[in-house]
Amino acid sequence: MGHTDVVPVSPDGWQRDPFGAELVDGIVWGRGAIDMLNLTATMAVATRRLRTSGFRPRGTLIYLAVADEEAGGEYGAQYLVERQMDAVKCDYVVTESGGVPIPTPSGPKLRLSVGEKGVNWRRLIVHGTPGHGSRPFRTDNALVTAALVVQRLAEYRPKARILDTWRRYVEELELDRDLTAALIDPDRVWETAFGLDDLALAREAHACTHTTFSPNVAHGGTKVNVIPDRIEIEVDIRALPGIGADELHAMLTEALGDVADRVTIETPPNRRPPGSMSSFDTPLVDALSRVAGRLMPGSRIVPSFTTGGTDARFFRFAGVPSYGFGLHSRRIPHTEYPKMFHGHDERVDTESLRLSTLLWQELCSDFLA
Ligand SMILES: [Zn+2]
């Protein structure tokens with residue numbers, strides 16, 4: 001399964017035309033190059049090659065390309081799973097993302113995404129009492145309360161939780177022994193991430209061990225001489241797999257503290273899915289490991305989960321083990337990838353496209369022959 005839609009661009013930040021699909025020195029530039037037209041396209045090429053070669057799968061191989069993933073998947077994967085399940089029913093799903101080699105002393109490690117956090121957006125309505133802006137003393141100004149709300153959300157520290165997937169992933173990175181131990185210790189991971197010079201690892205460690213709260217949009221106020229009675233704050237909350245809606249609500253209330261009773265919490269429709277997780281120990285993962293190991297000798301697959309949402313969750317909710325993978329070359333360093341997802345200068349090298357195409361072909365030959 002691939003998605004066909006992409007996110008918007010800010011063209012000024014790009015070195016090349018984001019919709020020019022320029023091929024320069026073995027690199028394809030453009031929005032969607034790694035999220036995820038690289039996979040959607042290589043899956044299509046592999047499927048066609050299998051078809052024209054006369055390959056007969058054991059069972060049914062479905063190639064699925066859907067829209068709307070970047071807007072939540074309601075009209076794409078979610079629609080199909082909930083309304084057309086007979087058409088997409090399967091035993092396993094492979095979609096984005098993973099398979100970018102991370103160098104370690106014992107060889108490249110390839111992330112296989114086995115799960116993701118819940119995309120739980122909330123709108124907080126902060127209430128106040130309107131009044132004349134010329135007499136602010138002892139008034140109930142919703143904007144002043146909202147400032148407190150934002151500050152408390154930003155400083156909130158829910159308890160860390162170490163998932164087995166995170167522990168396995170960190171151990172496979174083969175970092176310094178003390179650092180590894182600290183990153184998988186719920187009592188030390190926050191302080192350790194806070195002190196890390198490697199900001200990318202710090203953010204990853206924090207997001208993979210905590211439910212996060214990011215206040216990202218605020219609307220409110222009507223006129224400069226009117227004390228506002230209503231401010232809306234939109235909060236991007238990402239719950240760790242295993243955290244339910246009730247627990248999330250309790251965290252939010254705890255974060256707000258004594259201003260909680262001046263805030264109404266609204267849940268936008270379709271924005272309450274919990275996190276999801278598939279087993280790392282399935283025959284499909286074994287097959288992916290075998291095939292990736294052949295295409296990139298010395299590499300090893302390691303389980304991980306994504307902090308962003310993907311269409312895989314709809315299949316996981318329906319009981320179908322779903323994974324994010326692909327196979328990339330070492331030409332573009334793995335540290336570049338987090339910047340390219342939804343960022344400027346998204347690009348992919350043609351060797352990675354070749355490897356991903358072979359990966360899908362050989363996976364089918366291995367698993368479905
Ligand atoms: Zn994507």
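This report walks through a pair of packed helices and a handful of individual residues in a predicted model.

**Two helices that cross**

Let's begin with helices. Two packed helices are described by the angle between their axes and the distance between the axes. Here the pair is H1, covering residues 37-52, and H13, covering residues 350-368. Their axes come within 8 Å and cross at roughly 50 degrees. That angle is why H1 is called oblique to H13. As for handedness, the crossing of H1 and H13 is right-handed.

Which residues do the touching? On the H1 side you'll find Asn38, Leu39, Thr42, Met43, Val45, Ala46, Arg49 and Leu50. H13 brings Leu353, Ser356, Thr357, Trp360, Gln361 and Cys364 to the contact. Sort the residues in the contact of H1 with H13 by class, and you get eight nonpolar, five polar and one charged.

Now for a single residue. Asp5 sits in the loop between strand S1 (2-3) and strand S2 (23-24). Is Asp5 buried or exposed? Its relative accessible area is 16%, and buried means under 20%, so Asp5 counts as buried.

The side chain of Asp5 has polar partners in the backbone. One is the backbone nitrogen of Asp68, at 3.2 Å. Another is the backbone nitrogen of Glu69, which lies 3.1 Å from a polar atom of the Asp5 side chain. Setting aside neighbours within four places in sequence, Asp5 is in contact with Asp35, Val66, Ala67, Asp68, Glu69, Glu70 and Ala71.

**Thr95 and its surroundings**

Thr95 belongs to strand S5, residues 93-95. With a relative accessible area of 2%, Thr95 is buried too. What does Thr95 touch, once neighbours within four places in sequence are left out? The answer is Met1, Met36, Met43, Ala312, Tyr323, Gly324 and Phe325. You've already met Met43, which is among the H1 residues in the contact with H13.

Some spots in the backbone deserve a look of their own.

| Feature | Where | Angle |
|---|---|---|
| Cis peptide bond | Asp35 to Met36 | omega near -15 degrees |
| Cis peptide bond | Glu96 to Ser97 | omega about -10 degrees |
| Positive phi, not glycine | Asp25 | phi about 50 degrees |
| Positive phi, not glycine | Asp345 | phi near 55 degrees |

Where do these residues sit? Met36 lies in the loop between strand S3 (27-29) and H1, and Met36 is also one of the residues in contact with Thr95. Ser97 is found in the loop between S5 and strand S6 (98-102).

Asp25 lies in the loop between S2 and S3, while Asp345 is in the loop between helix H12 (337-340) and strand S17 (347-349). Asp25 is exposed, with a relative accessible area of 63%, whereas Asp345 counts as buried at 12% relative accessibility.

Last stop: Leu148, in helix H4, which spans residues 142-155. Leu148 has a relative accessible area of 38%, so it counts as partly exposed. Along the chain, Leu148 and Leu256 are 108 residues apart, yet their C-alpha atoms are separated by 8.5 Å.

Note on methods: Residues are numbered from 1 along each chain as its sequence is written. This is a predicted model: local features need pLDDT of at least 70, side-chain atom pairs count only at pLDDT 80 or more; totals for chains, interfaces and linings use all residues. Side-chain values use heavy atoms; hydrogens and water are left out. Axes are lines fitted to C-alpha atoms, for helices over the stretch in contact, and angles run from 0 to 180 degrees between N-to-C directions. Helices (H or I, at least four residues) and strands (E, at least two) are DSSP runs, numbered from the N terminus. Angles under 35 degrees count as roughly parallel, over 145 as roughly antiparallel, 65 to 115 as roughly perpendicular and the rest as oblique. A crossing is left-handed if the near helix is turned anticlockwise from the far one by less than a right angle, and right-handed if clockwise. Contact means heavy atoms within 4.5 Å. Ala, Val, Leu, Ile, Met, Phe, Trp, Tyr, Cys and Pro count as nonpolar, Asp, Glu, Lys and Arg as charged, and the others, Gly among them, as polar. Buried means under 20% relative accessible area, exposed over 50%, partly exposed in between (1.4 Å probe, protein chains only). A polar contact is a pair of N or O atoms within 3.5 Å; within protein, one must be able to donate a hydrogen and the other to accept it, and residues adjacent in sequence count only if both atoms are side-chain atoms.
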